[in-house]
Amino acid sequence: MINTATEAGHRDLKSAVLFEETFACLFDQTSGGEALSLKDYLSRPHVRVSVALQDNSEVDDALARLGHKRRIAIQIPHWSVAPDFVRGSDLILTAARRSIELLGQGSLQCGELPFQLNSFPFVQAWHRRCEKDAAHRWLREAIAAMASKEPT
């Protein structure tokens, strides 16, 4: 579905929802079983990927509504090394499921969150001047086709 952004300053942007995404957690199952209870999740230290030092995420907001707070032990600005911190430790990484699902190999497990967190749309956006550009339209359609495939 293609939308035209209507907020001030965004009238020239168009967007399309690629898929609905959910959150999951990545942990080393050798440090604590197959699934995490909320108590286990909160008792363990967490890796947070964020550039900003004081960046509360949807995860932190959802936990705060439940009266809880997770303990951030490591904050890093890039995803590339996050699994290396989790592997062989009791750390937990909470992130978009598609970004960590394939990492759940060996001792790393991608599991369900032990609390409710809403899904969110993953969207591609472009400027309206590119709407009729054949190459840009081809790229948007190729991205949409790839995104519509179920993760393996």
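Helices (H or I, at least four residues) and strands (E, at least two) are DSSP runs, numbered from the N terminus. The structure described here is a predicted model, in which local features need pLDDT of at least 70 and side-chain atom pairs count only at pLDDT 80 or more, while totals for chains, interfaces and linings use all residues. Residues are numbered from 1 along each chain as its sequence is written, and side-chain values use heavy atoms, with hydrogens and water left out.

**Overall architecture**

The protein contains five helices and eight strands. Along the sequence, these elements follow the pattern β-β-β-α-β-α-β-α-β-α-β-β-α. Contacts are defined by heavy atoms within 4.5 Å. Of the contacts with a separation of 6 or more, 72% are between residues 24 or more positions apart.

Accessible areas come from the Shrake-Rupley method with a 1.4 Å probe, and for residues only the protein chains shown count as cover. The accessible surface of the protein comes to about 9600 Å², and carbon and sulfur atoms account for 55% of that area. A residue is termed buried under 20% relative accessible area, exposed over 50%, and partly exposed in between (1.4 Å probe, protein chains only). Of the 152 residues in the protein, 34% are buried.

**Helix H2 and its surroundings**

Helix H2 spans residues 58-65, and its buried residues are Val59, Asp60, Ala62 and Leu63. Viewed down the helix axis, these residues fall within an arc of 160 degrees, so they line one face of H2. The arc is that of the directions from the helix axis to the C-beta atoms. On the face turned away from this buried side, H2 carries the exposed residues Ala64 and Arg65. The buried residues of H2 pack against strand E3 (23-28), helix H1 (38-43), strand E4 (45-49) and strand E6 (92-96). After H2 comes glycine 67, which has a positive phi near 85 degrees.

**Strand E4 and its partners**

Strand E4, one of the elements against which H2 packs, is mostly covered, with five of its five residues buried. Pro45, Val47 and Val49 point one way from E4, whereas His46 and Arg48 point the other way.

Two strands pair if DSSP finds at least two bridges between them. E4 pairs with strand E5 (residues 71-76) in the parallel sense over five bridges, and arginine 48 stands opposite glutamine 75 in E5. E4 and E6 also run parallel, joined by two bridges. Histidine 46 has isoleucine 92 as its bridge partner in E6.

**Salt bridges**

Side chains of opposite charge can pair when their charged atoms come close. A salt bridge is counted when a side-chain nitrogen of Lys or Arg is within 4 Å of a carboxyl oxygen of Asp or Glu. By this rule the protein has five salt bridges, including the pairs tabulated below.

| Aspartate 12 | Arginine 128 | 2.8 Å |

The salt bridge between arginine 128 and aspartate 12 links positions 116 residues apart: arginine 128 is in the loop between strand E8 (120-127) and H5, and aspartate 12 is in the loop between strand E1 (2-4) and strand E2 (13-21). Aspartate 12 counts as partly exposed because its relative accessibility is 32%.

Aspartate 60 is buried, with a relative accessible area of 11%, and arginine 70 is buried at 5% relative accessibility. Arg48, Asp60 and Arg70 are linked in a network of salt bridges.

Glutamate 112 counts as exposed at 58% relative accessibility, whereas arginine 97 is buried, with a relative accessible area of 15%.

**A nonpolar surface patch**

Patches are made of residues with over 30% relative accessible area and no salt bridge; like charges are joined within 9 Å, and nonpolar side chains (Val, Leu, Ile, Met, Phe, Trp, Tyr) within 5 Å. Trp138, Leu139 and Ile143 form a nonpolar patch on the surface, together contributing about 320 Å² of accessible area. Tryptophan 138 lies in helix H5 (residues 134-148) and counts as exposed, at 58% relative accessibility.
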